[in-house]
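Reader: I am new to this structure and would like to learn how to read it. Could you take me through some of its features, one at a time?

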Amino acid sequence: MSAFNLAAIMPRRLPGCCVFGLLLLSACAGEPPTRKPQFEVKPPASAKRPKPAEAATTARSYRLHDSRSALRLLDADTRLQAGDSNGARQALDGVNPAELNPEQTSKYKLLDGEIALSSGDAESAVRKLEGVRPAVLAEADQIAYYQSMAFAHSLTGDVLAGVRMRLKLGRILTDRDRQKQNIVAILDALSVLPNETLSTTASVADELSGWMALAKILKQRNLPGFDSAGQIQQWKQTFPGHPANADYLQAYLNGAPAVAAEPAAEPGPETPQPAATAASGPIIAVLLPNSGQYAAAGKAVRNGLATAYRLAASAAPQPALKYYDSETGDIVALYKQAVADGAKQVIGPLVKEQIQTLADSGELSVPVLALNHVENLSKANLYQFGLSPIDDAEQLALKARRDGLQNAVLLTPETPQGQRIRHYLMSAWQAAGGSVLGVQSYDPKSRDFSAVVKALLAPSVNAAGEKQALAVFISAGPEQAREIAPQLRYSQSSELAVYAMPNIYSGRPNPAKDTELGKIAFCDLPWLFGEVYGGPLSQQALQSAWQGLSDSQIKLVALGVDAFNLLGQLGQLAATPYPGATGRLALNGENRITRKLACAEFKAGVPAAAAYVE
């Protein structure tokens, strides 16, 4: 059985899109780049794209002579600039590309790529943006195109491709501040490449070779005995017409933090490949699976985390995020590499087995926010945060007790995970002062639950033949619950109340099918209920971050949102709960972050939330 328990973590852009849209549309920024298996992202600077009001004025001027598709294209652009990526997608889907002229066609492809990028799908964004002909676009759209391409390449780990887009961007920028920002972004991007790569410059003194040679000098300028001034002077002579030969280089040297030399590493099983270089400042390291069987779960967490990061970065500078693929090497070696790269905080890993390995490795010099929960594990500087079914069971039991129920029966699947859920429910119910009158298991592959339900509800009639109030706790996914619920309802009376673990609801409303669930109550993430958790990081605002995910992954987006936001709360979390997307979060004595959930009841197939369970 895998140590990463999907049932434990799963069932159990601004608005967000607006900030991300602004980031993508900035003329230039300092997103540092990336390289596989790591990539690093800093917030771009503010964009100078047409404001929504200006776009609306332009729209009025087009209505007399433009095609319907052209107007929808303009509508999509206006919505994207306003942060409504879902509305932009709907408008763009109504465009007939055959009705567009060459400029509008490239604009269509640009918006298509930007919408994909706003949802975190960098690979798709690159494919869509490759069809754009930037030469036919207006200047503001050309800037947006190169900015988006640079950012998308950085997210996919192709550092040099992103830098090449930055070089083209630099040739069309006229604002000096933007030019300086673009130069900083280029040098920051190249700083993560190993010296061997930076030494592989072209034989001709072209612009990219000049940047790579300069980046190599800057990486070594703090080494003892290294003549950085002499090396830079020689570089200027070798590349006399290079853009960095203006005052921009001196401005970068005056304002950039020292870059540590690339650490030497002896090859061995614990050395991550390829070795990462030290970052040019403090970073937040993110250890998530970007490959292997948990890659999809890692992507979902990353979508939420990146969106929360961009929202925070739009308000104040943030340390850079640097991603490490936790499936590519030993987790302890990756942690040590992240610390060497300048990490002051670490998010991840996601897999239970890796959390245990990290805990067993010795002292953790930098705090770790692990995104799962290993029972009976407590270690200094290791905080465990996941969608634990322990919290789910406790909150569900508390809800039923608050509803006045004393006696309960349990129905769980005949699986190892089902046995754990049964244990959590029984423990939680008894700890809350309730009595368990019966326990039944069901075959998750079955469709006929009549015999199981009959046996389950036998305790609802006491020895005197009288019906008694009874709480029925079930653990079932949506498909199974839709089969079980009608059979429970057939036997249901006013004395019977049904409570379900949160895996009954995927997070994607499906009223046509969920009407079968009657009035079953459940407790789940506040993020799923707009009336409980609203704002720029709500599920509604982050639709583009989760709509392409499977049902089992949707809730992991909220885990990613809270993972970033919790970093600044760890010091006071034991005393002051944090109102997160995954619950009202607090820290217990074992350094596990516990969650209080919002409870809901299905009404006509749609969950209607009440409030937190206190």
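Predicted model: local features only at pLDDT ≥ 70, side-chain atom pairs only at ≥ 80, totals over all residues.

Reader: Which residues of α8 and α9 make the contact?

Author: From α8 come Glu 139, Gln 142, Ile 143, Tyr 146, Gln 147, Met 149, Ala 150 and His 153. From α9 come Ala 161, Gly 162, Met 165, Arg 166, Lys 168, Leu 169 and Ile 172. By class, the contact of α8 with α9 divides into 8 nonpolar, 4 polar and 3 charged residues.

Reader: Then how do α6 and α8 cross?

Author: The axes of helix α6 (residues 102–118) and α8 come within 10 Å and cross at roughly 35°. The crossing of α6 and α8 is left-handed. On the α6 side, the contact is made by Lys 107, Leu 110, Glu 114 and Leu 117. On the α8 side, the residues include Tyr 145, Ser 148, Phe 151 and Leu 155. The contact of α6 with α8 has 7 nonpolar, 1 polar and 3 charged residues.

Reader: Now for the cysteines. How many disulfides does the structure hold, and which residues form a disulfide?

Author: A disulfide is a covalent bond between the sulfur atoms of two cysteines. The structure holds 1 disulfide, formed by Cys 523 and Cys 599 with their sulfur atoms 2.0 Å apart. This pair links distant parts of the chain, 76 residues apart: Cys 523 is in strand β12 (residues 521–524) and Cys 599 in strand β16 (residues 598–603). The link of Cys 523 and Cys 599 is right-handed, with 85° about the S-S bond.

Reader: Are Cys 523 and Cys 599 buried or exposed?

Author: Both Cys 523 and Cys 599 are buried.

Reader: How many residues of helix α16 are buried?

Author: Helix α16 (residues 331–340) is mostly covered, with 7 of its 10 residues buried. Among them are Ile 331, Val 332, Leu 334 and Tyr 335. The buried residues of α16 pack against β3, β4, β5, α17 and β6.

Reader: Let us turn to the loops. Why does Ser 388 count as buried?

Author: The cut-off for buried is under 20% relative accessible area. Ser 388 counts as buried because its relative accessibility is 4%. Ser 388 is found in the loop between β7 and α18. Ser 388 and Arg 595 are 207 residues apart in sequence, yet 8.6 Å apart in space, C-alpha to C-alpha.

Reader: What about the backbone: which peptide bond is cis?

Author: The peptide bond from Gly 348 to Pro 349 is cis, with omega near 5°. Pro 349 sits in the loop between β5 and α17.

Reader: Where does Asn 376 lie, and is Asn 376 buried or exposed?

Author: Asn 376 lies in the loop between β6 and β7. Asn 376 is exposed, with a relative accessible area of 75%. Its phi is near 60°, a positive value in a residue other than glycine. Ala 604, in the loop between β16 and β17, also has a positive phi, near 55°.

Notes. Residues numbered from 1 in each chain as written. Heavy atoms only, no water. Contact = heavy atoms within 4.5 Å. Helix = DSSP H or I, 4+ residues; strand = E, 2+ residues; numbered from the N terminus. Nonpolar A, V, L, I, M, F, W, Y, C, P; charged D, E, K, R; others polar. Disulfide = S-S within 2.5 Å. Buried < 20%, exposed > 50% of the residue type's maximum accessible area, 1.4 Å probe, protein only. Axes fitted to C-alpha atoms, helices over the stretch in contact; angles between N-to-C directions. Left-handed = near helix turned anticlockwise from the far one by under 90°.
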